[in-house]
Amino acid sequence: MSMERKFSAGEIETPTGTIDPLTLCGCLSERSPLPLIAVEGLTHLVRYVNPAFCRLAEKTSEDLLGKPLSLAVPEGEENGCLALLDSVYRAGGAESLADQQHRHATRESCYWSYAVWAILDEAERPAGVMIQVTDTTEQALARQQLALFNQTLLLSGLHQQELTELAETGVQYLQRSLRETNHRAKNNLQIIASLLDMQIMENVEAVSVATLAQLLLHIQTVASFHDLLTYVVQDGPKASVLSVTAILRKLLPMWQRVIGTQGFRWSADDMELPIKKGMSLALLINELVTNAVKHGAQAVELQLIRREDIVTLTVSDDGPGFSPAFDPSVSAHF
């Protein structure tokens, strides 16, 4: 006798029985850890919210249901969520929008990303919109802090370049300027670091300790990088060169803090470059890693390989890559 059984399209076989489609749909929404919300019509009236969204918004379903989304979950002027809903409702497709600043009742800085698709009626016409929300606050703040660090690093590099050019008119004058600049920079950075330490200790409940701690790390990284530059310039016969691996080791703690120690790998053949070129390379590498974090963020790899007089720099990530239509001769801004 054959033990084979054929199932209908509405059944799913499991070791203990058959899952009803309605039960499955309930699990996909009510038990989902992903915040979900359904809105109807041109005014985007809220018709359904799952428990995960209520927890994220810190509101009850009674606070949300039956109200336009713009009143139930108000956003700032720069948030493009409503425009996204209008576009999807008209076109009947699916779109997404990343890192939109959200006005939150208990948090000063809050960013949400949206994945949106149309709800179609029996005639296959758009009747509403389904929204899946992801809290991307940590990633958005990390990218902002990386941008701030890039700006600080650029200004520091420009200042170091000016000081290096002064060496042509006298090494002693340059060294005096470097000592004075180093003293002032270290004092100012130490004051900022101390103030941040005090804020972390005195305002643990009111201030985001993780955000302040990350900002503190960036400031300490700038101070370490500045120490490296001034030390090398003052260090006798090799006053005009920088070690590439020394630069990378100074920048490594910040990248590992943002990406994670397991998500960032690097290897570099050691070489020495003139200060001006070393600074340019450091800025270039930092910009590439920042972009890799922005578009990938799960795994980033850096390689710097020297073969005689040819040096190859490669920064790769696990992001989606360039679109098929990308033309570096036209689209790139290098």
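**Notes on side-chain pairs and surface**

1. Let me start with Asp 99, which is partly exposed at a relative accessible area of 22%. On this scale buried means under 20% relative accessible area, exposed means over 50%, and partly exposed lies in between (1.4 Å probe, protein chains only). Please keep in mind that this is a predicted model: local features need pLDDT of at least 70, side-chain atom pairs count only at pLDDT 80 or more, and totals for chains, interfaces and linings use all residues. Residues are numbered from 1 along each chain as its sequence is written, and side-chain values use heavy atoms, leaving out hydrogens and water.

2. Asp 99 pairs with Arg 143 in a salt bridge, with 2.0 Å between the closest N and O atoms. Asp 99 sits in strand 5 (residues 94-101) and Arg 143 in helix 6 (residues 137-165), so this pair ties together parts that are 44 residues apart in sequence. A salt bridge here is a side-chain nitrogen of Lys or Arg within 4 Å of a carboxyl oxygen of Asp or Glu. Helices (H or I, at least four residues) and strands (E, at least two) are DSSP runs, numbered from the N terminus.

3. How many salt bridges does this rule give? The count comes to 5. One of them joins the side chains of Arg 265 and Glu 301, at 3.1 Å from N to O. This pair also links distant parts of the chain, with Arg 265 in strand 9 (residues 264-268) and Glu 301 in strand 11 (residues 300-307), 36 residues apart. Arg 265 is exposed at 53%, whereas Glu 301 is partly exposed at 27%.

4. Arg 47 and Glu 40 also meet through their side chains in a salt bridge, at 2.6 Å from N to O. Arg 47 counts as partly exposed at 47% relative accessibility, and Glu 40 is partly exposed at 37%.

5. Finally, have a look at Leu 158, which is found in helix 6 and counts as partly exposed at 41% relative accessibility.
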